[in-house]
Amino acid sequence: MKEEAQILYKIEAVLVTDLRKGEESAYVYLMDSYHHKLCLYAYSFCKDRSLAADMVQNVLLRLWKKRSSLKINSSLRSFLYRSVYNEFLDQYKHRKFILNLEKEYMTAVNTLLEEEESNLDRLIQQVKKEIDNLHPRCKEIFLLSKYEGLTNLEIADHLNLSVKTVENQMTRAYAQLRDKVGEKIQSILFLLFGIPKIPKIPPKYS
């Protein structure tokens, strides 16, 4: 694992140097290596593929335009993900959509992205596996919450259950996932399913 990290670090160092020199081949390599991953990351926030692609394009074009003064204090990968995250915040602040966005989740995800890519992929696959291993009813409720973005009340109405039953099943799901994955579970779930649903504000109060 350390050898892989060292190799990646050397590749990134050369890539950054070539970008500063204006080597177009370095930019092409950057696009091939990161564009799709960054689009998926951006999509996890905004749930809009077109907007996600625009945000990534903005980040990569800005990087190219400012390549001669490019400063990266962490890994290139972390720099790119953090840049997309900042672009997301700028876009949503501009659109006034940020409102009560859970910033602690954002911070947690960016901390998670400091992980080596192979380790992050392993954690994501482990979480997917543990979700599949949940009891069928527990899994159904959990995915309605995380994937469909339904509230506990909406799930209860949809499945003809009490809200208390839904709450208990969600608690059980979180406990089982946290037991298997650890405290990073919330960050990984956010990365997988995106921003938690923000309840709609009635017109009277908006």
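Buried means under 20% relative accessible area, exposed means over 50%, and partly exposed lies in between (1.4 Å probe, protein chains only). Of the 206 residues of the protein, 38% count as buried.

This is a predicted model, in which local features need pLDDT of at least 70 and side-chain atom pairs count only at pLDDT 80 or more, while totals for chains, interfaces and linings use all residues. Residues are numbered from 1 along each chain as its sequence is written, and side-chain values use heavy atoms, with hydrogens and water left out.

**Confidence**

pLDDT is the predictor's confidence in each residue, from 0 to 100. The protein averages 78. A score of at least 70 is reached by 76% of the residues. Confidence is highest in helix H7 (residues 136-146), with a mean of 91. Confidence is lowest in helix H5 (residues 103-112), with a mean of 63. Over residues 197-206, pLDDT stays under 50. For that stretch the model has 6 contacts beyond four places in sequence, where contact means heavy atoms within 4.5 Å. Where pLDDT is low, the predicted coordinates should not be read in detail.

**Overall fold**

Helices (H or I, at least four residues) and strands (E, at least two) are DSSP runs, numbered from the N terminus. The protein has 10 helices and 0 strands. Its pattern along the sequence is α-α-α-α-α-α-α-α-α-α. Take the contacts between residues at least 6 apart in sequence: 69% of them join residues at least 24 apart.

**Helix H9 and its partners**

Helix H9 (residues 163-181) meets helix H8 (residues 152-159). H9 also meets H7. Axes are lines fitted to C-alpha atoms, for helices over the stretch in contact, and angles run from 0 to 180 degrees between N-to-C directions. Angles under 35 degrees count as roughly parallel, over 145 as roughly antiparallel, 65 to 115 as roughly perpendicular and the rest as oblique.

| Helix pair | Axes come within | Crossing angle |
|---|---|---|
| H8 and H9 | 8 Å | roughly 115° |
| H7 and H9 | 9 Å | roughly 95° |

H8 and H9 are therefore roughly perpendicular. H7 and H9 are also roughly perpendicular.

On the H8 side, Asn152, Leu153, Ile155 and Ala156 take part. They meet Val163, Val166, Glu167 and Met170 of H9. These residues divide into 6 nonpolar, 1 polar and 1 charged. Here Ala, Val, Leu, Ile, Met, Phe, Trp, Tyr, Cys and Pro count as nonpolar, Asp, Glu, Lys and Arg as charged, and the others, Gly among them, as polar.

From H7, the residues in contact with H9 include Arg137, Ile141 and Phe142. Among their partners in H9 are Val166, Met170 and Tyr174. The residues of this contact divide into 8 nonpolar, 2 polar and 3 charged.

**Three residues up close**

Leu143 lies in helix H7. Is Leu143 buried or partly exposed? At 27% relative accessibility, Leu143 counts as partly exposed. Beyond four places in sequence, Leu143 touches Ile131, Glu148 and Phe193. Leu143 and Ile131 are 12 residues apart in sequence, and their C-alpha atoms are 8.7 Å apart.

Glu87 sits in helix H4 (residues 76-95). Glu87 is buried, with a relative accessible area of 5%. Which residues does Glu87 contact, leaving aside neighbours within four places in sequence? They are Met55, Asn58, Val59 and Arg62.

Ile188 belongs to helix H10 (residues 185-193). Ile188 has 0% relative accessibility and counts as buried. Its C-alpha atom is separated by 9.9 Å from that of Lys128, 60 residues apart along the chain.
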